[in-house]
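I opened my notebook to look up a few contacts between side chains and a metal site.

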Amino acid sequence: MKKRWLWGLGILGGAALTLAGLWLMVFRVNEFSLDIRLRGDSQVTLEYGQHYAEPGAEASLRGSLLLKQGWSPEEVRWTTDSDLDEERLGTYTVTYTAAYRDYTAQARRQVTVVDTQRPVITLTEDGPLEPEVRYEEAGFSAWDNYDGDITDRVERYETLGLVTYAVMDSSGNWGYASREIPPYDGQPPAVTLEGGTPYAIPLGVPYEEPGFTAVDNYDGDVTDAVEVSGEVCWYRRGTYPITYTVRDDFGNEAVYERLVEVTPAPRPKVVQPPGKTIFLTFDDGPSSHTRQLLDVLDAYGVKATFFVTGGGDPDILTEIVSRGHAIGIHTLSHEYGEIYASPEAYFDDLYGMQAYILEKTGVKTTLMRFPGGSSNTVSRKSWEGLMTLLTEAVQDAGFQYFDWNIYSGDAGGAGATKKASGVAENVIRGMEEEGTGIVLQHDIHGFSVEAVEDILIWGLNNGYHFDRLTENSPGYHHPVNN
Ligand code: ZN
């Protein structure tokens with residue numbers, strides 16, 4: 001009896017425990033949640049102009065132990081919230097809220113409204129086109145599905161035979177159009193002058209074209225087609241225009257000008273020597289008498305100046321310099337007819353002799369004496385005004401020319417003599433009359449060289465000082481006769 005009771009109690013207790021276990025299992029251990037599954041993609045891209053079609057969503061109750069596959073109750077309460085504006089590009093959110101009994105859930109879908117459509121450019125039709133006449137724009141308009149009329153944003157490029165139109169809408173989409181037109185080029189070539197303008201050159205140096213290039217927008221490099229005109233008188237100070245003319249294939253002409261400035265060298269300051277200074281000068285050497293002359297000058301410790309030519313023994317030129325005398329340019333050829341034929345011919349001879357002396361002696365002399373002096377009339381027939389021009393030009397080119405005020409008479413003309421005594425008399429009389437100055441003798445004449453010792457003795461005894469010429473010495477310039 002007692003046992004049965006115990007049995008019943010045991011069964012009841014077991015059932016109570018089982019129920020408690022089931023309760024725990026269903027309502028405590030098994031956790032439920034409400035899930036939302038979006039139909040379609042969670043991110044939707046909508047082309048501007050398309051309409052958003054709501055794909056909807058599903059809700060299901062899901063448990064961790066039971067209802068693992070989920071169960072869709074029918075009496076779910078849905079609310080859908082959205083800020084979507086199909087008329088404006090942007091990113092929007094659609095929010096789905098589901099409620100079932102005590103369970104709620106939320107999900108979101110992103111909707112992006114984009115514009116990927118290119119704007120469209122519409123060209124107004126052309127009337128009859130005339131060949132090779134500048135095209136007149138017939139008109140165009142641009143329309144974008146989102147921005148509307150964007151004609152004012154069109155960029156227009158005209159090339160030879162083609163107009164290209166391009167426009168970008170606010171989303172970065174480009175629209176293009178183009179039209180063929182009669183080829184037209186309104187742009188002449190561009191010329192670049194090397195060295196620029198104004199272009200300065202030192203007087204006395206023949207002008208050389210500094211170079212140029214010409215480029216045309218359609219023909220490319222047209223340098224070879226450039227015509228250069230104008231002349232530079234490189235031995236006369238002034239500004240000279242040089243003109244560069246070039247045409248492209250279309251006939252567009254470009255004219256450029258370069259101003260060449262022929263710039264004179266600064267002239268050295270003339271320093272008046274102290275009273276009773278005599279500059280002995282000897283032309284036309286070197287000759288077989290020159291060494292004898294150098295010995296006499298050395299014996300009296302006197303320095304002189306030699307205006308030399310391209311003839312004779314060049315070793316003597318070296319000796320003239322090494323023995324302390326001044327060396328100057330007379331002429332390379334001493335052919336009056338040649339050197340006075342033109343300014344160019346004269347400068348040719350002058351520079352030729354300067355280079356010759358430099359080569360033989362290492363001295364680049366700027367001292368010079370015109371053959372026949374600056375008062376010569378040789379050039380009257382060949383080149384009128386030549387000496388007027390040259391006397392300025394050589395100084396502007398950096399040379400100093402020297403004439404004389406005491407003539408020895410050793411080469412004919414006034415006081416002509418062929419005797420040493422005659423030369424000495426002429427020079428001494430000149431020294432007495434002039435006091436200071438430049439003596440002209442020729443060391444190609446033995447009798448003239450022989451006169452030098454008497455001249456030195458007389459001069460030194462009478463308080464004269466003998467010196468060599470420098471670029472600062474007075475030139476004793478003659479009046480010019482041509
Ligand atoms: Zn001479």
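Before counting, I noted that rings of Phe, Tyr and Trp (its six-membered ring) pair if their centres lie within 6.5 Å, and that planes under 30 degrees apart count as stacked, over 60 as edge-to-face and the rest as tilted. I also noted that this is a predicted model, in which local features need pLDDT of at least 70 and side-chain atom pairs count only at pLDDT 80 or more, while totals for chains, interfaces and linings use all residues. Residues are numbered from 1 along each chain as its sequence is written, and side-chain values use heavy atoms, with hydrogens and water left out.

Entry on rings. I searched the whole structure and found 20 aromatic pairs. W458 and Y464 make a tilted pair, with 5.2 Å from centre to centre and 35° between the planes. I also looked up a cluster linked by ring pairs, whose members include W234, Y235, Y336 and Y340.

Entry on Y464. K276 lies over the face of this ring, 4.7 Å from the ring centre; a charge sits over a ring if NZ of Lys or CZ of Arg is within 6 Å of the ring centre and within 35 degrees of the ring normal. The charged end of R258 sits over the ring of Y199, at 5.4 Å from its centre.

Entry on the metal. I found that D284 (OD), H330 (NE2) and H334 (NE2) are the protein donors of the zinc ion, 2.1 to 2.2 Å from it; donors are N, O and S atoms within 2.8 Å of the metal (3.2 Å for Na, K and Ca), and water is not among the atoms, so sites may look incomplete. Their spacing in sequence is D-x45-H-x3-H.
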